[in-house]
Amino acid sequence: MVFYRRNYQPDGLYFFTVTLKNRNTTLLTDHINLLKKSLQRVQKEHAYKTKAIVVLPEHIHTIWQMPGDDQNYSLRWGKIKSYFTHSLNTLGIPITKNTRGRFNIWQSRFWEHTISDENDYENHINYIHYNPVKHGLVQHVREWPYSSFHRYVKQGLLDLSWGSSYKNLLGDFGEAD
């Protein structure tokens with residue numbers, strides 16, 4: 001049996017990639033409101049701050065700031081996955097079950113990376129915001145609606161033309177090409 005080691009730090013900043021099993025589906029963006037409600041519900045139940053996020057058709061990248069007294073992000077992801085899956089099921093959206101009788105939407109694990117410093121933080125935010133362009137979903141970062149990029153523009157942290165070239169990104173992170 002494989003044992004996963006997770007890094008838990010008080011007030012930790014973490015980058016996550018959470019993926020559906022079927023990488024050819026558009027469930028997350030087709031049902032973005034259900035996903036948003038699932039994220040908000042868990043955030044109310046178990047506090048965390050979303051520093052950056054992008055939702056693509058079949059995966060999510062996000063950075064969370066965890067509270068000092070509760071680092072259990074695995075619990076949070078489990079609940080988000082469960083709430084979203086049950087919401088789809090309630091709407092009658094066909095979902096296959098695995099041999100154990102569980103819904104078979106999400107990959108069982110997720111990618112977690114502890115943000116080490118300001119440079120690492122900035123690189124991961126850039127990666128998150130540029131990801132829809134990287135995957136060929138849009139030509140420009142500003143065109144993807146399911147991204148915290150728009151919040152960053154409203155706050156004056158990024159210009160609307162940011163990401164016009166790949167040279168804005170530095171670092172080796174996220175899922176493999």
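A: Start with one term: buried means under 20% relative accessible area, exposed means over 50%, and partly exposed lies in between (1.4 Å probe, protein chains only).

Q: Ok. Is E58 buried or exposed?
A: E58 is buried, with a relative accessible area of 9%.

Q: Where is E58 found?
A: E58 is in the loop between β2 (49–55) and β3 (59–65). Helices (H or I, at least four residues) and strands (E, at least two) are DSSP runs, numbered from the N terminus.

Q: What does the side chain of E58 make a polar contact with?
A: The partner is the side chain of R23, at 3.0 Å. A polar contact is a pair of N or O atoms within 3.5 Å; within protein, one must be able to donate a hydrogen and the other to accept it, and residues adjacent in sequence count only if both atoms are side-chain atoms.

Q: And which residues does E58 touch?
A: Leaving out residues up to four places away in sequence, E58 touches V18, T19, L20, N22, R23, T25 and L28. Contact means heavy atoms within 4.5 Å.

Q: Where do these values come from?
A: This is a predicted model, where local features need pLDDT of at least 70 and side-chain atom pairs count only at pLDDT 80 or more, while totals for chains, interfaces and linings use all residues. Residues are numbered from 1 along each chain as its sequence is written, and side-chain values use heavy atoms, with hydrogens and water left out.

Q: New topic. In what order do the strands form the sheet?
A: Four strands form an open sheet in the order β2-β3-β1-β4, with antiparallel pairing. The edge strands are β2 and β4, as each pairs on one side only. Two strands pair if DSSP finds at least two bridges between them.

Q: How many bridges do β1 and β3 pair over?
A: Seven, in the antiparallel sense. Y14 stands opposite W64 in β3.

Q: Now the helix α3. Which of its residues are buried?
A: α3 covers residues 73–90, and its buried residues are Y73, R76, W77, I80, K81, Y83, F84, T85 and L88.

Q: What do they pack against?
A: They pack against β1 (13–19), α1 (27–30), α2 (32–45), β3 and β4 (111–114). Just after α3, G92 takes a positive phi of about 85°.

Q: And the whole chain, how many helices and strands?
A: Five helices and four strands, in the pattern β-α-α-β-β-α-β-α-α along the sequence. Buried residues make up 46% of the 177 residues.

Methods:
Expected span 1.5 Å × (residues − 1).
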